[in-house]
Amino acid sequence: MPRRFHSIHTRLFILFLFCMTAILLIVSALFYNRTTTQFHEKLGEIAQKNVSQTAGLLDLLLASYDSLSKSISTNGDIVRLVGEKKKLPPQVEYINQHSITTMMGAIYFSRDDLVGIHIIGENGKIYNYGNYTTVVDPRYGSSDWYRKINDSSGKMVWLGVFPHSLIDTTEDDAVFAFGRPIFDLNEQHQIGIVLFEAKADTVLAAMSNLKLGPNSDVDIITREGKSVPTSLEANPVHTLLPEHMKTPSDPGEVIVDQLGDRLIAASKLGTTDWTVVSSTPSQDLDVELTQTKRYLFIVVTILILVAALIALIVSRTISLPLQRLVRQMKQVENGNFHGIVRVTSYQEINVVVASFNHMVKRVEELIERVKISSVSEKNAELHALQSQVNPHFLYNTLDMIYWMLDEKGNDRLGEVVLSLSHMFRYSSHWEGNAEVTLREEVEQIRHYLNIIQMRLEDRLTVEIDIDEQWMNLPVPKMLLQPVIENAVKHGLEAQKSGLLTVRAVPDEKYLNIRVQDNGAGMPAETLARLQRSLNMYTAEPAGEEGLSAARQGIGMQNLHQRLKYMFGEEYGIGIESVPDEGTTVTLRLPLPVQPAGQDAAGQQQLPHNGSAGSDFRTGTE
């Protein structure tokens, strides 16, 4: 587990998931807090509007009821007839009662929300007007509502909402009751009271409009802090304003405050000393917030899962190519250079993988080149060693022959023996990577050509034209002798007068060593076969044919491959030949680069062995 935790895949997955989850949670928290604030502000505005509208509606309703009550308490005829103290004949009494009920009916039908009008005189006479025949409760005199109206100083007494009529035992509908005393202004004393009962629907609807939720409590509170009945519930909850809460002092003023877990809104009426109060618990206010929170939780959970999936995909997109690259690196460590990493990922990773593949391929090519070059050099060295017969004994013997010839005055033959001695010394020492300078190679072929000219009895003319500035160029050992040997054997040996030229011809990129003869040349078929043999030659022998080829000596094919291994694929041997005119063999070598500030020694800077370019074709140039 700790090892997996330290992997780039796990680290990237955790990093991406943590970042995206943190962003989601922060954004969600900010969104929820902002939504909560806006929602509470909106609720406050709604509560303020509801209380203000309800207070305005109740003000209008109570003002109309107050005006309605004054139409009776200030009606002179009604006051006179109700205040009649003398005992009147039955006929007159009936007429008076009929007159009062007629005036009450006119007032009753002026509004469609009245349930009944009841006038109670001080003499005990009761005048009623309603939808049905009124049956007066005989115990009204001991009731609380009667005492409140009777004890009033002339002001309207708002009794509140009741489930049925206060005085009419046949009326079972909910009523809103109010009343006031009736005074005889001439005698300045109270002659009775009037009780109005209206439908409670308007008041109940106004109070219901104050509720912001199913558990909201609404109430009307008097100046003394008492609650006015405004509900039909059996045991209504009466809401009292907290002592430390600021209460509205002016009519129409609305105060909204959050106290604890309840939102309280209050407004004072203008027509009376009532204060309308609405109290809503937070559980009702936060219903939408709870739903929002639940929805937000579900959305955030889904987004976190999506973020985890995205983090997994992104981390795998980055880590899997790197894991493949690491596995292939381990294969390379074990010596396997044949694997290729194939991935499709981000541009930077693709570049790294492509560079690694190219590097592995180049390393494999270089290792193979070094291996083949090493085998080729070893084969040449083996052949040279096989051809040696006790070299020191041979050197001493040749030196002895040279001094014997010198004593006898045979200088020409002595020079041949001395050249042969130098050739044996040169060809028998294969040390290191078998690299020599062009100067040493030119010296070697001078000895070789000295012998050849002696053997051909001066039928061969040799011209060597190589500038001194190229003499320090590193070249493979035995560079020129195989070429000159083939030119003499196949082209010049049968000529009566042969010409062999060796020139160094530089161009823009290469130093070309051209070995040209005026011999018999070769047919096109033979030239093509020779060119194919150069390109098909393998320096690492296989089977008996390969071993036989190695034993035959350092030939043209071997030299062609050694030039490629030493300098690159663009270097090697090119052959041109025309029948009866001669053959030209071109050895393409790297052109030495003259470095800045070159010293007087004339040291040259050469391209690296691993440089590669276009293949050097062996056809006619």
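Helix axes here are lines fitted to C-alpha atoms over the stretch in contact, and the angle between two of them runs from 0 to 180 degrees between N-to-C directions. With that in hand, let's walk through this predicted model.

**First stop: helices 12 and 13**

Select residues 438-455, which form helix 12, and residues 481-492, which form helix 13. Their axes lie 10 Å apart and meet at an angle of about 20 degrees. Angles under 35 degrees count as roughly parallel, so helix 12 is roughly parallel to helix 13. The crossing of helix 12 past helix 13 is right-handed.

Now show side chains at the contact. From helix 12, pick E441, Q444, I445, Y448, L449, I452 and R455; from helix 13, pick Q481, I484, E485 and V488. Coloured by class, this contact shows 6 nonpolar, 2 polar and 3 charged residues.

**Second stop: helix 6**

Move to residues 201-209, helix 6, and highlight V203, A206 and M207, which are buried. Why do these three sit on the same side of helix 6? Their arc around the axis is only 95 degrees, which puts them there.

**Last stop: V203**

Stay in helix 6 and centre on V203. Its relative accessible area is 2%, so V203 counts as buried. Leaving aside residues up to four places away in sequence, V203 touches L61, V161 and F176. Finally, draw a C-alpha to C-alpha distance from V203 to V175: the two are 28 residues apart in sequence and 9.4 Å apart in space.

Technical notes: Residues numbered from 1 in each chain as written. Predicted model: local features only at pLDDT ≥ 70, side-chain atom pairs only at ≥ 80, totals over all residues. Heavy atoms only, no water. Helix = DSSP H or I, 4+ residues; strand = E, 2+ residues; numbered from the N terminus. Parallel < 35°, antiparallel > 145°, perpendicular 65-115°, else oblique. Left-handed = near helix turned anticlockwise from the far one by under 90°. Contact = heavy atoms within 4.5 Å. Nonpolar A, V, L, I, M, F, W, Y, C, P; charged D, E, K, R; others polar. Buried < 20%, exposed > 50% of the residue type's maximum accessible area, 1.4 Å probe, protein only. Arc of directions from axis to C-beta.
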